[in-house]
Amino acid sequence: QKDVYILTGTDVVQAALDESMMTVGTILASRYVGGIRNDVEKMESALKSLQAVMDEWLAVQKNWMYLEPIFSAPDIQRQLPAEAKMFADVDKALKNVIKKVSENPNCMRVGQMPGQADMFAAWNMTLENTQKQLEAYLEFKCMAFPRFYFLSNDELLEILAQCGRNPQAVQPHLIKCFDSIKALDFNAEDANQIGGMVSPEGEAIPYTKPLKARGAVEEWLCKVEESMQSTLHKLLRESLTDAPATSKERISWC
């Protein structure tokens, strides 16, 4: 998002941190450290605190960046209200921290703020739990319509996030769900009515009876599958009846 900062280029900070930790470790190992031991130990503690904050922050940021576009979709928010609420709470708190840090981007200051690492760790646990619930939700959808197993999680999420408002959002993914089916023939006047199916070669077969793309996407896709089968069964029965009687060449008949 344009209004949110993220941590980038942390390799430079990490390299400086590693070098500082080595230097402090060398000083503490020296027999001449006695007079400044307290100061060096405080510095070591500050560096360890910064390392912990960086590790937890980057982990949170990774999970947040994955989940943010998912839970920005109104359909997903509606279907997963509890998980959307958990994500929204972390999202708001994280953005507040990022805003404050962006106003004074000092690593050592941020790394020594009391409870900072624990706070990021707690957020990370929340986001990981949210992601587990999301995966369980996707598994439930796949069980309802097993052909979803042919899709990646990102592709399935794209369908679930859009199909409530736009059933045709399923079109780009049909070829993975159904062998030799590239598209469904949606009615130009009624965007929810499906009249048939189209192969990658452009061969169109109208359904015996048009159906409506309404309700949960996995439910009406099951009806699409049933229509595919029933339509082809009907056409095959007609072809078997017609075959002995036809005087056409076999290629023309086919």
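Strands β1 and β2 run antiparallel and are joined by 4 bridges; strands here are DSSP runs (E, at least two residues), helices are DSSP runs (H or I, at least four residues), and both are numbered from the N terminus. Two strands pair if DSSP finds at least two bridges between them. The structure is a predicted model, in which local features need pLDDT of at least 70 and side-chain atom pairs count only at pLDDT 80 or more, while totals for chains, interfaces and linings use all residues. Residues are numbered from 1 along each chain as its sequence is written, and side-chain values use heavy atoms, with hydrogens and water left out.

A hairpin of 6 residues links β1 to β2, and Asp 185 has Gly 196 in β2 as its bridge partner. Between β2 and β3, also antiparallel, there are 5 bridges, one of which pairs Ile 194 with Leu 211 in β3. This second hairpin has 5 residues between its strands, and Gly 202 in the turn has a positive phi of about 95°.

Helix α9 (residues 217–242) spans 37 Å from its first C-alpha to its last, close to the expected 38 Å, which is 1.5 Å times one less than its number of residues. Its buried residues (under 20% relative accessible area, 1.4 Å probe, protein chains only) include Trp 220, Leu 221 and Val 224. Among the elements covering the buried residues of α9 are α6, α7, β1, β2 and β3, where contact means heavy atoms within 4.5 Å.

In α7, the buried residues include Leu 157, Leu 160 and Ala 161. These three are among the residues that Ile 76 touches, residues up to four places away in sequence not being counted.

How values were computed:
Buried < 20%, exposed > 50% of the residue type's maximum accessible area, 1.4 Å probe, protein only.
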